[in-house]
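Me: I am new to reading protein structures and would like a close look at a single part of this one. Could you start with a helix, and then walk me slowly through a strand and its surroundings?

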Amino acid sequence: MSDVTMPPPEPGEKVAAQSAEAVLAQAEAAVEDAAVEAEMAPLDVPRRMLLVHAHPDDETIGTGATMARYAAEGVAVTLVTCTLGEEGEVLVPELEHLAADREDGLGQHRVGELAAACEALRVTDHRFLGGPGRYRDSGMMGTPANERAECFWRADLDEAVRELVAVVREVRPQVLVTYDSNGGYGHPDHVQAHRVTAAAFDAAGDEAYEPQLGEAWQPSKLYFSAVPRSVLQAGIDLLREAGDTSGFFGVEKAEDLPFGVPDEQVTTAVDASDELEAKVAAMRAHKTQIAVDGPFFALSNNIGQRAFGIEHYTLGRGVRGPGSGPHDWEDDLFAGLDA
């Protein structure tokens, strides 16, 4: 039984960490069940998108509203997660024993959280790259977790690309979404996810590349999730108006943050405000990682952010579609495509 079906622990109750074999067996079962629900020929659905994220919860924080909007519109949305998020911090005191430096059971628990988040977002096709547990969370840059042989940061790039190309050729998306070359904020698994996805985007359409992985398929667009500095500044201002001066590293200007992109680099703004409730519900599902308080949420490093229903992207590959508004941004990841 995966954690998504487990009752919450009583105060002070310890949830036992399971063996690595049990963890992977439960994760495999969860993925297989989702695949059965989503089973259909890819071309039965005119519009298809594939998102590649590093850890459970990344999909919700950066792209959750987008995923919910397109799923609601009937788009085939596939999520590939690269690790189980074993090295994450734990915000729930009753579950602190699952941390990597104690019982190391957090990854299995986060499989359940991710399943619940996908249900909230109405995403039924979710896979782990290479299968559940194939790649381990690498931890923050410069930590001992980076040195583990099985971590994603040390993955054989060619092997990881083959794994993702197989998924691309199966689901045949027009649109791929991942992080920019810095992984958004420099996390090694986010950087590696960018490398793997960008290489898979180029390789999937090459008929000479690994033909045993399926018929070649060239996606039309590759997007990188982004947070415009104007949005960050608005979040800083909102927190300060609410009396919180510690969020966003305590800075007053977005330019002083280690993440965010200039507005002129942004190409696309997806307005999924109608799906904000679904995004917040998905955040709540990731209870070990995210504490949700009204329209604000705090990550485990206490960076305050606004859970905006408008999510932004930069176009890394492909032809930019028609834009609108003061920035001439696209309002649809499929802008300019026939689908």
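Reply: Happy to! In this predicted model, helix 5 covers residues 188-204, and at 1.5 Å a residue its 17 residues should span 24 Å. Is helix 5 mostly covered or mostly open? It is mostly covered, with 14 of its 17 residues buried.

Let's step back for a moment to see the whole protein. It has 7 helices and 10 strands. Of its 339 residues, 52% count as buried. The protein exposes about 14800 Å², and carbon and sulfur atoms supply 50% of that area. If you look at the contacts between residues with a separation of 6 or more, 76% of them involve residues 24 or more positions apart.

Now for the strand. Strand 3 takes in residues 125-128, and it belongs to an open sheet of 7 strands with mixed pairing, in the order 3-2-1-4-5-10-6. Strand 3 and strand 6 (268-271) are the edge strands, each pairing on one side only. On average, neighbouring strands of this sheet are turned by 25° against each other, direction ignored. Helix 2 packs on the sheet, touching several strands, among them strand 1, strand 2 and strand 10 (310-317). The direction of helix 2 makes about 95° with that of strand 10.

What does strand 3 pair with? As background, strands of a sheet pair through backbone hydrogen bonds, either parallel or antiparallel. Here, strand 2 (residues 76-81) and strand 3 run parallel, joined by 4 bridges.

Next, follow the side chains along strand 3. D125 and R127 point one way, H126 and F128 point the other way, and all of them are buried. H126 has a relative accessible area of 10%, which is under 20%, so it counts as buried. The side chain of H126 also makes a polar contact of 2.9 Å with the side chain of T81.

Most residues other than glycine have a negative phi. Which way does R122 go? R122 is not a glycine, yet its phi is positive, at about 65°. You will find R122 in the loop between helix 3 (106-121) and strand 3. Its relative accessibility is 40%, so R122 counts as partly exposed.

D57 lies in the loop between strand 1 (48-53) and helix 2 (58-72). Is D57 buried or exposed? At 8% relative accessibility, D57 counts as buried, whereas R122 is partly exposed.

Notes. Residues are numbered from 1 along each chain as its sequence is written. This is a predicted model: local features need pLDDT of at least 70, side-chain atom pairs count only at pLDDT 80 or more; totals for chains, interfaces and linings use all residues. Side-chain values use heavy atoms; hydrogens and water are left out. Helices (H or I, at least four residues) and strands (E, at least two) are DSSP runs, numbered from the N terminus. Buried means under 20% relative accessible area, exposed over 50%, partly exposed in between (1.4 Å probe, protein chains only). A polar contact is a pair of N or O atoms within 3.5 Å; within protein, one must be able to donate a hydrogen and the other to accept it, and residues adjacent in sequence count only if both atoms are side-chain atoms. The expected span of a helix is 1.5 Å times one less than its number of residues. Contact means heavy atoms within 4.5 Å. Accessible areas come from the Shrake-Rupley method with a 1.4 Å probe; for residues, only the protein chains shown count as cover. Two strands pair if DSSP finds at least two bridges between them. Axes are lines fitted to C-alpha atoms, for helices over the stretch in contact, and angles run from 0 to 180 degrees between N-to-C directions.
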